[in-house]
Every structure is written in structure tokens, then in C-alpha cells.
Amino acid sequence: MSIKVLIPTPLRPYAGKQSIIEVNAQTVGEALSDLVARHPDLRKHLFSEDGKLRSFVNVYLNDEDIRYLNKDATPVKETDTVTIVPSVAGGR
Amino acid sequence: MAPLIDSSQATLSNEEILRYSRHLIMPEVTLEGQKKLKGARVLCVGTGGLGSPLALYLAAAGVGTLGLVDFDVVDYTNLQRQVLHHTSDVGRLKLDSAIDKLIAINPFVEIKRFDTYLSSQNALEIISGFDIIADGTDNFATRYLVNDACVLSGKPNVYASIFRFEGQASIFATEAGPCYRCLYPEPPPPGLVPSCAEGGVLGVLPGLLGVIQATEVIKLILGAGEPLIGRLLLVDALAMRFRELRVRKNPECPVCGANPTVKELIDYNQFCGIRGEESEASPSAKIPEIQPEELKRRLDAQEDIFVLDVREPHEYQIVNIKGHLIPLGDLPTRVHELDSSREIVVHCKSGARSAKAVDFLRKSGFKRAANLTGGILAWADRIDRSLPKY
């Protein structure tokens, strides 16, 4: 099914400058795989070389961190939104 | 939860009662709350983009003791957003400039200044004199330092960070709530996440986020409302959308978890920097460089040199030296526009992006590519002083 992934500003240059991308997926993991298949430049920003989600990138299904759901295997519904929230440090 | 602030010693003069009258008549504040504000000691780490509105509103609201940590000097490029500092302050210490403005707004505030870079050596001692810490810094090393120092000292960390037109805010390191490491266990490798200096920031954005921080600080002091604990507020100023995500306390958190492994402050530059060496974001060290003076001499001598500018089109509009424009991100798909038999000098704003471009070009067979040292900023400083800098 088709769900929305929200792309944060720092990652938009690697996602065709889009803020919302529709992907096809049954789980959060599939949503991210489909996302990096559509936008390969995103891969190194989301995943380390061994394919793990980077520890400074959090992924939320609606308002919940997937680390506290079923991680990659968390199932998604048509109305769900996946949000990528990388750490940013700016403040000056 | 025990009250955070001891207000038993605070008294308000008639002048202060008049000044704070709009607070005093609110049931959420009252005289008791205003005394709490006066008894409160808040440390602002940084007096820049976030620190400016934060400190201005905390001073105006009557927070009794404000600590300011900064070592920086006011720069011309700060004025677009750091509203504590005026044009006439350029070149002054930010602390001198900040204290003038804060005292002018509210002479009843006592200001404690720390002319220093917050470090593992001084953080615990500085923080020990305050009840609440507000993090307005601009780099990952200091963010993790502030977090860990707050957890180890048992003091709340009122947090915000910004990038372009997006911001994040939360409260970390309260007794029951999560800390910054619960949200982000590790920092990104250097270079992968651009700073405001590289990526830019909308001038009003630190205003929005700094005022959110000030609001949360004041709520913590008053014990009023629902503090932003366990919630990450995402602000998108371009869409003008506010969203909220849950932040859970991680039972395995290395600093605030049940079995912490971080029990004292560590070397945060190493923590944030050592990972950079394995990052593919930093190009290999052997990038051939050319100094602006040499490029100028050789261009004047009509030598065949192709100048490639890898900045963005909107940067090219601000200032350029008539280089061929291909933004770094487009280089892989537009590399056919270049001739590998010619000598290519690549530049960007200050030399970092162009180093990546040269690294890429050399790996792609452009053996005669070199990086202009210091970018167009160095050119404007050393070759053509009529050019604007940004």
C-alpha cells in the first residue's frame, strides 16, 4: 500500500528536494527500503555500511519512535505517516 | 516532585511589583510565582541565535539570576538573527554586548558571566550554581556535554536546535524524563549534517525556538502547565506546522539508564569527532590545492584553466568569479560537461565542498583537477577586495 514519508530539511537535497514522498510498503522497513530505492543518495544518510539505521537518525511511525514499536518490522496502514528525524545541532 | 526553586528568600520591591503587574494578576503566576522567578537561577549556554531571545525574555520576565556562557565576538553575519547584538556591537565580546542589553531591559536581574567555552573541565562547576540549564549552543560536542552534565547534576536541560527553517525543542534530563542521549544515542560523523554556517538559517527561526525555550524555562520555574518533557516539538516555519513526537526514557541509556556507563564527563570532541575518520563524507587528505594568487597569475597569463564553481545557483547570484556552475550534488550527473584533458580548478565558498568535488573528479579520471584554497572567500580577501563576502 502507499504511505507517506516526511523528509526533513537536511535530507531533502538527497531526495529530489521533496518534503513528502509516497512509497509502497507493508512495514516501516519496507517503506525505508522503497524510499532509498527511489532516492539512492539518501542511503548513506540513513543507513551505515552494514545496513543498520544510523544512530543519529530516528524514524517515527506517526508520533511513536519505531525503536519502541516493532522496529523495521512494524506494520503500516494506508493512513500512517513515517517521519525521519535526524539530529541537528544549530543554534547560533 | 519537589519544587525546583526556593523562593523563600525572594522579596519584590514596589517598583518590581509594578513592573511585573501583568504577571501578578494571572492565577498561573501570582506574587508567589513572581518570587519563584526572582529566586530562579537559569544558565544560558550561548548568547547567539537561540540565546538572544531566550535571555531577553527571561530577563524581562524577572528571572533573578541569569548565567551567560560565551567566548565569541559579535560578527557582522550574526546580526540577521542574534537580536541581542546591534550593528555597533560588531567586534565586541558577545557577553559585553548581551549584558548591556539585558541590564537595560531589566536592571533587577543579576547576571553571572562565564567568558569561556563550556568544557568537560568546567561544565559541572558552572552548572552547579544554577537550577535550570538552557542549551543554545551550535555543535554536537557541546550538546552532548550539556546533556551529560545536566544528567550528572540532576538539572533540567531546556533544549532547542535549528536548521534553515526547521527546529526541534524538548526538555531533557528531568528526573522522570528522557535525556538527549535517549533520543539520539550518538552524534553524526562530522560533515554529514551541515551547520547553520554551511546550510543557512532563517533569521526568525531561532527567535521562534528561543522563545519556546524561554516559555518552557518559565513553566518549569512556576511549576505550571504541561512541560515539554518526553515530547519532541518539531517546528517547520516554512509550512508553519508544529508537530509533536514522543520521546521515551531509554532504560539502556548510557548516561541516564538503569546501568549507566557514562558516570563522568568524557572527551566530547573525541566522542563527536573520532567517528569522522571513518566517514566517507570527509574526502581523502591528498587533494591537490592551488592558492588564489597562483590561480590569478596563471589566469592573467592566459593559461588554459577551466574554473568550476560547485556552489548552489543562489550563491552564484551573490558573488562569482565567472566559473562554470555545477552544484556539488549535480556533479555526478553533469560530469560530461567537463573536459578531462584540461586543467580544472574547482572552488566553492570556503573550500570544503570543492575538496569533495575534486576528490570525486580525480576518482572519475579528471587527473588535472585541483581545489582553490579557501574558496571564493579567500579570493575576495586576497585577490579582488571589491567582491562581497557572505
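A: Chain A of this predicted model holds two helices and five strands. Read from the N terminus, the order of these elements is β-β-α-α-β-β-β. Along its principal axes, the C-alpha atoms of chain A occupy a box of roughly 40 × 30 × 25 Å. The radius of gyration of chain A is 12 Å, which agrees with the value near 12 Å for a compact globule, because the chain has 92 residues. Of those 92 residues, 37% count as buried. Among contacts in chain A with a separation of 6 or more, 52% come from residues 24 or more positions apart.

The sheet to look at is in chain B. Its five strands form an open sheet with parallel pairing, in the order 9-13-12-10-11. At the edges are strand 9 (289-290) and strand 11 (324-325) of chain B, and each of them pairs on one side only. Further in, five bridges join strand 10 (residues 305-309) of chain B to strand 12 (residues 343-347) of chain B, in the parallel sense. Val307(B) stands opposite Val345(B), which belongs to strand 12 of chain B. Helix 15 (residues 352-363) of chain B packs on this sheet, where it touches strand 12 and strand 13 (369-372) of chain B. The direction of helix 15 makes about 175° with that of strand 13 of chain B.

Conventions. Residues numbered from 1 in each chain as written. Chains lettered and ligands numbered in written order. Predicted model: local features only at pLDDT ≥ 70, side-chain atom pairs only at ≥ 80, totals over all residues. Pairing = 2+ DSSP bridges. Helix = DSSP H or I, 4+ residues; strand = E, 2+ residues; numbered from the N terminus. Contact = placed C-beta atoms within 7 Å. Axes fitted to C-alpha atoms, helices over the stretch in contact; angles between N-to-C directions. Rg over C-alpha atoms; globule rule 2.2 N^0.38 Å. Buried ≥ 20, exposed ≤ 12 C-beta atoms within 10 Å, placed from the backbone.
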